[in-house]
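Hello,

I am handing a structure over to you.

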Amino acid sequence: KREQLSPKKLAQELCQADDVDAQMSLLVQQFEFSEGERRLRDLLVTLFQEVFLEFFPGSAILPFGSSVNGFDVSGCDLDLFLDLEKTKKFQASTKSPAEPLAEDVASPEPDSHSEDSILSDIDLASATTPEVLELVATVLQKCVPGVHHVQVVPNARRPVVKFCHKESGLRGDISIDNKLALRNTRFLQLCTETDERVRPLVYAVRHWAKQQALAGNPFGGGPLLNNYALTLLVLFFLQTRNPPVLPTVARLKELTENEEQTVVDGWDCSFPKDLTRLEPSSNTENLCTLLAEFFHVFGDYNFASCMISLREGQPLPLPGVLESTVGSKLKLGPFNLQDPFELSHNVAANVNEKTALRFQRCCQAAAKYCRSLQYQRKSSKGKIWGLVRLFQPGTAEAETPAATGLVISLPLTLASLPAQTRKQLSQAGNMHQCWFQKVCSSIAFVLKDVLRCDCLEAQEGSEREGEAVTECKQREQQTEADAEQPSSAGHKRSLDEEEADLSSPAPKRLRTDTLSPEGESMTWNCAMWRRVWLGRRRVRRQLRGPQPNSQCAAGSLELEAKVSEAISQQEGEARPTDPLLQFTVHARTGADSSGEQGMRISLCFEPAPEQAAAFQEFFHFLQGFLPRAVEQHVVSAT
Ligand code: ATP
Ligand code: MG
């Protein structure tokens, strides 16, 4: 198994390339399967095939998805289709299905779940998909060596059996009702064969989207784009270049010979089986330009008002789509991207308004960055350049901190505190510094004691902190670039600022190694073990009971701590072996762009590299919860 490349190592490798095109080719090399991984997958497929053939005569196991579509990423899941068509026919052709099949099936384990009974127990023609999947799961569990965590997921859009290969940790799905996916997999393959720019461009866009938490939720589902949808978007973009890099699906259909015409589940999936009849593209744009143009085009795109059609290679106005035969079945939303074959399927129907908006904003920010020399040229001074900066999470924050970044601004300013508290603070010497410390201890209290998060103040100079802080600093410098500095001429300073300056002529910094000269900062490394952000309202109601308990008033931090404890207990006694989420929080003071008060604390969250998407849900909860809870604690503790 190849070692996963750390983000830092990837950045270093990319920075050494000569230009953006070379960076993009390198990206593919870094992510694609090694020889060993490809061999392992082939072996697994062969093993599955042998076992299933024994139990389901005539069956075939066919890989699809990223293992074979040309967009393989080391460690990606193994999607398998179990084709039972021939088994069904076989079963139907035998008068009494049980007997002839029993003869065919060797029985390595004659007791309990006898394989002899497997097909005699079920009539494949009338069985429901979950019933067949249960059977597939039994075979997997009992008869495929080295496979564990077998689980039927019957209610997904495409029901599957999930499994994990013990030794390699490889995860996979088996579906039985997904012929269209085999065909769209072949279509993606054909696109990668058509033009060599397709793969690097898709890898770059996928990685960028993952880093920005726009795609690829590792827990599945949710409002993010999936990799298939994102890939189609890149292919569509390539169809719309002038001259086009890729042909439209309608054009591919025209090039298809009669005997290659293919219809799956009633949908026309015809395209040539190889490239022999395809004209090469006359488009000569390089990868660097294409990527920049991708962002430019989709930064200005109105996803909600049209349907992106790969079949036509153009956006279709919605009124026309709705009137068409498939219109009534299409699930329209803020992001409309029509499957190239199953025309009544919007592959981005799960994307919500917030994600669609973030996608657009992130494209705009990326397009802006791509216009800079930092993108286009290798740094001669050893600074990060090209794709590396583009892949940093949260690059769109400068434009829209609230909509895209993992930053929470606490509404607390000195002026917002009660007069009494301000007085206490001012007596303590350096008012700003004390106030910052006070707020930080409240932040730590809320994270640790209220939300049961492990939270360690980061050691100065640790590598991880250093990296994170630099990044945070870059983002915040961007945010503040246009903001008026509180001490600049013409700014009306508040009483508190005057007061603070008088009491502390030379403000000391809390941390001398970090952040901007005018601010203070604090960093924590955190780990969440329980999903305390889910179902709080219900638990809160249960805890408070019919008679509100005055000791545990609604909204009190004490009650909130109990809610977290109850949720943790519900999740089971033993802690999971690994934390669900790991992240860093940087608290810092910064200039308040409203100018009315010079101190405002922002919290910048940095999830562990592979958790950007999973972190979103928790972050969303924190946005609502944290500011109120911290404020409550600051006020009550002074
Ligand atoms: P990865 O597993 O790396 O995320 P993938 O392409 O394998 O990429 P999966 O979500 O595993 O993505 O889906 C496997 C395949 O199923 C896809 O390649 C595609 O053929 C098909 N597929 C996935 N999502 C959809 C969808 N929304 N509509 C139609 N087909 C889909
Ligand atoms: Mg997959």
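Below are the notes on the ligand sites and on two residues.

This is a predicted model, in which local features need pLDDT of at least 70, side-chain atom pairs count only at pLDDT 80 or more, and totals for chains, interfaces and linings use all residues. Residues are numbered from 1 along each chain as its sequence is written, chains are lettered from A and ligands numbered from 1 in the order in which they are written, and side-chain values use heavy atoms, with hydrogens and water left out.

**Ligand 1**

The shell around ligand 1 has 18 residues. A residue belongs there if one of its heavy atoms lies within 4 Å of the ligand. The closest are Ser66, Asp77, Asn184, Asn227 and His345. By class, five are nonpolar, eight polar and five charged. Here Ala, Val, Leu, Ile, Met, Phe, Trp, Tyr, Cys and Pro count as nonpolar, Asp, Glu, Lys and Arg as charged, and the others, Gly among them, as polar.

Where does ligand 1 lie? Domain 1 (35–180) and domain 2 (195–246 + 281–376) both give residues to its shell, so ligand 1 lies between them. The domain bounds come from an automatic or database assignment.

Helices α7 (179–194) and α9 (227–239) each supply at least two shell residues. α7 gives the most, with three. Helices are DSSP runs (H or I, at least four residues), numbered from the N terminus.

One in Asp77 lies 2.7 Å from an oxygen atom of ligand 1. One in Asn227 is 2.9 Å from an oxygen atom of the ligand. One in His345 lies 2.9 Å from a nitrogen atom of the ligand. The protein covers 79% of the 580 Å² of accessible area that ligand 1 has on its own (Shrake-Rupley method, 1.4 Å probe).

**The magnesium ion**

Ligand 2 is a magnesium ion. Its protein donors are Asp77 (OD) and Asp79 (OD), 2.0 to 2.2 Å away. Donors are N, O and S atoms within 2.8 Å of the metal (3.2 Å for Na, K and Ca); water is not among the atoms, so sites may look incomplete. Asp77 is partly exposed, at 30% relative accessibility. Asp79 is buried, at 11%. Buried means under 20% relative accessible area, exposed over 50%, partly exposed in between (1.4 Å probe, protein chains only).

**Two more residues**

Arg41 sits in α3 (residues 35–55). Arg41 is buried, at 3%. A polar atom of its side chain lies 2.6 Å from the backbone oxygen of Cys76.

Ser25 is in α2 (residues 20–31). Ser25 and Pro200 are 175 residues apart in sequence, yet 5.8 Å apart in space, C-alpha to C-alpha.

Best wishes

Definitions and conventions: A polar contact is a pair of N or O atoms within 3.5 Å; within protein, one must be able to donate a hydrogen and the other to accept it, and residues adjacent in sequence count only if both atoms are side-chain atoms.
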